[in-house]
Amino acid sequence: MAPPQRSRVPLEFGGPLGAAALMLLLPATLVHLLLAARSAPAHLLAPPPALPAPGALWSPWALQLCLGWLGLQVALYLLPARKVAEGLQLKDKSRLLYPINGFQALVLTALLLGLGLWAGLPLDALADMLLPLAFAATLTAFVVSILLFVKSLMAHPSALAPGGNSGNPVYDFFLGRELNPRIISFDIKYFCELRPGLLGWVLINLALLMQEAKLRGSPSLAMCLVNGFQLLYVGDALWHEEAILTTMDIMHDGFGFMLAFGNLVWVPFTYSLQAQFLLHHPQPLGLPLAAGICLLNAVGYYIFRGANSQKNTFRKNPSDPSVAGLETIPTATGQQLLVSGWWGVVRHPNYLGDIIMALAWSLPCGVTHLLPYFYLLYFIALLLHREARDELQCLQKYGLAWQEYCQRVPYRIVPYVY
Ligand SMILES: NC(=O)C1=CN([C@@H]2O[C@H](COP(=O)(O)OP(=O)(O)OC[C@H]3O[C@@H](n4cnc5c(N)ncnc54)[C@H](OP(=O)(O)O)[C@@H]3O)[C@@H](O)[C@H]2O)C=CC1
Ligand SMILES: CC(C)CCC[C@@H](C)[C@H]1CC=C2C3=C(CC[C@@]21C)[C@@]1(C)CC[C@H](O)C[C@@H]1CC3
């Protein structure tokens with residue numbers, strides 16, 4: 001087989017050195033966040049009061065729980081789906097098929113959990129195991145990434161992602177070489193993107209809420225708000241699972257350590273940071289402020305969902321009555337760009353809605369500590385980086401049409417600001 005052509009896509013994340021640094025820094029940051037959230041001072045920018053003993057990180061039981069959770073979600077993924085969707089056309093003109101049964105997996109997981117709790121499952125005990133669970137999940141992410149990298153060495157060149165095929169093994173291991181790694185019809189990237197991580201996130205949130213109820217007699221209003229907001233976000237992602245097929249991760253990015261760690265570790269253990277903070281730092285929250293925060297989250301969700309659904313509907317069927325009247329810009333690829341509606345206000349309206357929700361998730365934690373705002377700060381940085389990557393990809397894809405779009409819609413995320 002002819003050696004794969006090395007991609008000439010510019011290196012990102014600081015190239016091989018940056019990728020190597022991130023593979024060390026990300027797990028270290030995770031440990032710091034978990035320790036800081038449960039410490040009294042809860043400092044985001046200061047070292048945690050006490051480093052864990054090595055024994056506190058490793059637990060065979062935690063590894064079994066992680067692998068059992070993964071196995072359950074794989075089993076639910078393999079159940080018959082209410083619908084099978086086609087992915088976007090690949091380089092070889094083929095289209096992959098994807099089961100749309102993520103929300104079904106959420107409901108079945110909830111039913112199994114309900115049964116378990118009825119039978120006395122000590123779910124709240126998870127709240128005391130976040131460190132060994134995160135360590136086990138990180139180990140799993142590394143092993144999955146190594147297996148994926150080895151598998152990609154046997155993949156056809158046309159199956160490789162443009163970004164993760166630089167020829168440098170460290171960089172390619174981090175970014176991911178294969179675009180759609182599958183075992184028969186099981187799509188590993190698609191599965192990891194929405195199932196174990198997002199469902200694990202709300203499971204950890206629930207465990208923290210239950211432990212607060214056990215400690216204080218009932219969960220606080222702030223803990224209930226954070227759980228509710230984030231369950232809405234995960235439920236929405238799974239209900240609109242098909243929309244994931246038009247995101248950058250599925251369309252462009254290879255599946256390597258960054259997304260494996262991001263999906264299996266970073267989402268469940270850092271996205272639950274507000275709930276972790278609230279368990280150890282209860283916050284009083286009056287009804288008027290709670291109502292205001294709910295309104296803020298509702299506004300964010302309205303923008304987020306409205307913009308994502310409008311674009312995804314347009315991409316699936318430009319003649320759909322809900323989008324047929326929108327103004328567009330034709331492009332040389334045959335695809336059109338929306339230039340009115342949500343996508344005529346700013347170029348990434350969905351990011352704006354998502355950031356507003358991220359703020360609403362942090363506010364119930366009060367303003368005495370920076371730690372609960374870590375997600376907001378990280379997320380803004382992630383979306384700014386993502387937006388820059390997307391703009392470059394769209395400029396390369398659409399050329400003059402994208403330049404016209406940028407002239408007509410000059411702001412990227414926040415109207416009249418950025
Ligand atoms: N919670 C989290 O950790 C994260 C959440 N997200 C959220 O996920 C959602 C998806 O975000 P993301 O995956 O970054 O990508 P987007 O959903 O923003 O999709 C970007 C793609 O949309 C298409 N597009 C862009 N502008 C237009 C237009 N004017 N008209 C038609 N199509 C257009 C282009 O693809 P093409 O033209 O090829 O179809 C572009 O590459 C967002 O709501 C984001 O907030 C994202 C990352 C992390
Ligand atoms: C650990 C690294 C520094 C960064 C890892 C980033 C990942 C955690 C995110 C990259 C894109 C994501 C998306 C989502 C979750 C987070 C990751 C995997 C969603 C599934 C969240 C719900 C939305 O409705 C869709 C998102 C698609 C992108």
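1. A residue counts as exposed when its relative accessible area is over 50%, and as buried when that value is under 20%. Lys214, at 64%, is therefore exposed. These values refer to a predicted model.

2. Lys214 has a charged partner: its side chain and that of Asp124 meet in a salt bridge, with 3.0 Å from N to O. Lys214 belongs to helix α8 (residues 196–216), while Asp124 sits in the loop between α4 (102–118) and α5 (130–152), so this pair ties together parts that are 90 residues apart in sequence. Asp124 has a relative accessible area of 11% and is buried, whereas Lys214 is exposed.

3. A further salt bridge joins Glu86 and Arg95, where the closest N and O atoms are 3.9 Å apart. Arg95 has a relative accessible area of 41%, which makes it partly exposed. The structure as a whole holds 16 salt bridges.

4. On the domain layout: the protein chain is divided into domain 1 (17–38 + 57–282) and domain 2 (284–418). Their C-alpha centres lie 23 Å apart.

5. The size of an interface is often given as the accessible area lost when the parts come together. Between domain 1 and domain 2 the buried area is about 2,900 Å², and carbon and sulfur atoms give 67% of this. On the side of domain 1, the residues that lose the most area to domain 2 are Phe229, Tyr233 and Met248, together 23% of what that side buries.

6. Polar and charged pairs also cross this interface. The rule finds four salt bridges between domain 1 and domain 2, and twelve residue pairs in polar contact, both residues being at pLDDT 80 or more.

7. Which side chain does the side chain of Asn308 touch in a polar contact? The partner is the side chain of Asn350, at 3.0 Å. Asn308 is placed in helix α13 (residues 287–316). Asn308 is buried, since its relative accessible area is 12% and the cut-off for buried is under 20%.

8. The last pair to look at is Asp253 and Arg389, which form a salt bridge with the closest N and O atoms 2.9 Å apart. Asp253 lies in the loop between α10 and α11 (257–270) and Arg389 in helix α15 (residues 374–398), so the pair ties together parts that are 136 residues apart in sequence. Is Asp253 buried or exposed? At 7% relative accessibility, Asp253 counts as buried. Arg389 is buried as well, at 9%. Salt bridges that share partners join Glu12, Asp253 and Arg389 into one network.

Methods. Residues are numbered from 1 along each chain as its sequence is written. Chains are lettered from A and ligands numbered from 1 in the order in which they are written. This is a predicted model: local features need pLDDT of at least 70, side-chain atom pairs count only at pLDDT 80 or more; totals for chains, interfaces and linings use all residues. Side-chain values use heavy atoms; hydrogens and water are left out. Domain bounds come from an automatic or database domain assignment. Buried area is the accessible area (1.4 Å probe) that two parts lose on being put together, summed over both. A polar contact is a pair of N or O atoms within 3.5 Å; within protein, one must be able to donate a hydrogen and the other to accept it, and residues adjacent in sequence count only if both atoms are side-chain atoms. Helices (H or I, at least four residues) and strands (E, at least two) are DSSP runs, numbered from the N terminus. Buried means under 20% relative accessible area, exposed over 50%, partly exposed in between (1.4 Å probe, protein chains only).
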